[in-house]
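Here is a friendly briefing to read with the model open beside you.

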Amino acid sequence: MTTPLGLCKGVTKYIYNKVFELRAKRVVERRGPNHPIYDHEMDAENAGLHFLLKESERHPDLKMALGFELRPKWYCIQNGLKEEGDIEFVKEFNPDICLLSDPIDGSKADVPAYESRFGKPIIDGGLYEVFSTVIGFFVDKPTLKEAECCAIQRWDGKQYFANKHEALVGYEGEEAVVKAKPLDEINLRTKLYTAAHYAHAAPIAYFAVETIREELQIPEKQSPGVRSTGSTTYEMLQPTMTKSIAFDIRDEVKRVLEKYGRKMERGAYTHDFAPPGFFAKRADVITLNLDGTELDCNLLEYKTGSYFVSPQGGAGNKILKILQNKVLPKIPEKAEEWIDWYPVSSEN
C-alpha cells in the first residue's frame, strides 16, 4: 500500500515532469493573457488527476479525494474511476486520504521558453519561484493542525516534503533534514517577504514595512531587504532556509473593506498557504495567524487567510508585535484611502 506522503511526493513530481514535457512541445516566449506558465494551469491539474487515477488502478481498494485550486468540486477516485462532488459528497465517499493541490503556485513568475537553433527548448528565468504543491489529510481531521503530510515540488528540480515529525529537501537522489536557524537581529541580511506583488497590494505592504522601519529605527546601512514574488509557497519557505520573515496582512484589510461594501478579490487561499505552512511548522519555524495563534484552516474550505512566518528568536517576535500593536489597529483608518481601488461587493 502506498503511503499518504508517497502519494504527495508522486503527484507533485508527476505534475512537474508532465508540464515541463508539455512546455517543451510549445516553445514560445509569451506575455499577457497567454502567460507562459498560466497557460499550463489546466495541463498541470489534468496531470495530477491522471497520476492518481493510475495509482488507484494499482491499488483498487484505495479511496482518494482530490481538490484543486481551479475546481469548485472535488474528485473522488477509486479503482481508476472518478466522480465529482461537493464537500458533503466527499464525506459520504469517506476516502482513505484527501489531497488538496495547487498544481502551479507562482504562475506570475517570469519563466520564458525559447527554441534553440537545433529545435530544442531552453527554459529560462525564475524556476525557483514556481512550485507544484499538495497537502495530505484525513477527511475526519480536515485542518492544517491535524494534516498528515505535504510535498512541494520546485521547478528547478528540488522537492520539499514533510510528515508529522520533520521537514526534508530532496535533490538528485539525496535528502536532507530542514531545520531553521534562529534569527535574533534584523539587519541588511534579513529579508521581509510581504505578499505584495501587484499594484493594489503594494501600498498595504508599504504601510506595514514603513511602520516596522520607524518603530525599530533601523539605520540605512542595516536596512533589511523587502521582497514580493507572487508565490506564496516561495515566500513562506524562505524563513525555513534563510534569514527571512514572511507575512501577509491582506486578509485583515479585506475584512475591513467588506464593511465599506468593497471586495478584495486576491489574497492567499487555503491551497496557497497550507502546504508551505505545514512544511514550515515541521522545520521549526514560527507559523502563526496575525493574532499570535497557531496558523490553521479548514482544508475543505476555499477561503483566504493571513499569516506570519519567522525563524525562532527575537527578530520575529519584534516584527509580530509591531504588526499587532501598530499596523493592524490602523487598518480601519488606512482602508479609507484604499476603498476606491476595489470593486463594490456583489453582496451589497
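L192 has V226 as its bridge partner in β13. That pair belongs to a predicted model, in which local features need pLDDT of at least 70 and side-chain atom pairs count only at pLDDT 80 or more, while totals for chains, interfaces and linings use all residues. Residues are numbered from 1 along each chain as its sequence is written, and side-chain values use heavy atoms, with hydrogens and water left out. Helices (H or I, at least four residues) and strands (E, at least two) are DSSP runs, numbered from the N terminus.

- Strand β12 (residues 191-193) and β13 run parallel and are joined by three bridges; two strands count as paired if DSSP finds at least two bridges between them.
- Helix α5 packs on this sheet and touches β12, β13, β14, β15 and β16 (307-311); its direction makes about 30 degrees with that of β16. Contact here means heavy atoms within 4.5 Å. Axes are lines fitted to C-alpha atoms, for helices over the stretch in contact, and angles run from 0 to 180 degrees between N-to-C directions.
- Helix α8 (residues 314-327) also packs on the sheet, where it touches β14, β15 and β16, and its direction makes about 160 degrees with that of β16.
- What is the strand order? The sheet is open, has mixed pairing and reads β13-β12-β14-β16-β15.
- β13 (225-227) and β15 (285-288) are the edges; each has a single partner strand, so one side of each is left without a neighbour in the sheet.
- From one strand to the next, the twist averages 15 degrees.

**The nine-stranded sheet**

- Here nine strands make an open, mixed sheet in the order β3-β2-β1-β4-β7-β8-β9-β10-β11.
- At its edges are β3 (81-85) and β11 (174-177), each pairing on one side only.
- On average, neighbouring strands of this sheet are turned by 20 degrees against each other, direction ignored.
- Strand β9 (residues 159-162) runs antiparallel to strand β10 (residues 167-171), with four bridges between them; within this pairing, Q159 stands opposite G170 of β10.
- Helix α2 (residues 41-58) lies across β1 (64-68), β2 (74-78), β3 and β4 (97-105), at about 175 degrees to β1.
- α5 (residues 232-241) lies across β4, β7 (131-137), β8 (149-154) and β9, at about 80 degrees to β7.

**Strand β7, buried on both faces**

- Why is β7 described as largely enclosed by the rest of the structure? Seven of its seven residues are buried, where buried means under 20% relative accessible area, exposed over 50%, and partly exposed in between (1.4 Å probe, protein chains only).
- In a regular strand, side chains alternate between the two faces of the sheet.
- For β7, F131, T133, I135 and F137 lie on one side, with S132, V134 and G136 on the other, and all are buried.
- β4 and β7 run antiparallel and share six bridges; C98 has F137 as its bridge partner in β7.
- β7 also pairs with β8 in the antiparallel sense over six bridges, and F131 has R154 as its bridge partner in β8.

**Helix packing**

- α5 and helix α7 (residues 270-282) have axes 9 Å apart and pack at an angle of about 10 degrees.
- On the α5 side the contact is made by T232, T233, M236, L237 and T240, and on the α7 side by D272, F273, P276, G277, F279 and A280.
- Helix α6 (residues 250-259) has R250, D251, V253, K254, V256 and L257 as its buried residues, and these pack against α4 (202-216), β14 (244-248) and α9 (331-338).
- After α6 comes G261, with a positive phi near 75 degrees.

**Cysteines**

- How many disulfides are there? The count is zero, taking a disulfide as a pair of cysteine sulfur atoms within 2.5 Å.
- C98 is in no disulfide, and the nearest cysteine sulfur, that of C76, is 8.0 Å away. C98 is buried, at a relative accessible area of 0%.
- The sulfur of C297 lies 12 Å from the closest cysteine sulfur, in C150, which is too far for a bond. C297 is buried too, with a relative accessible area of 14%.
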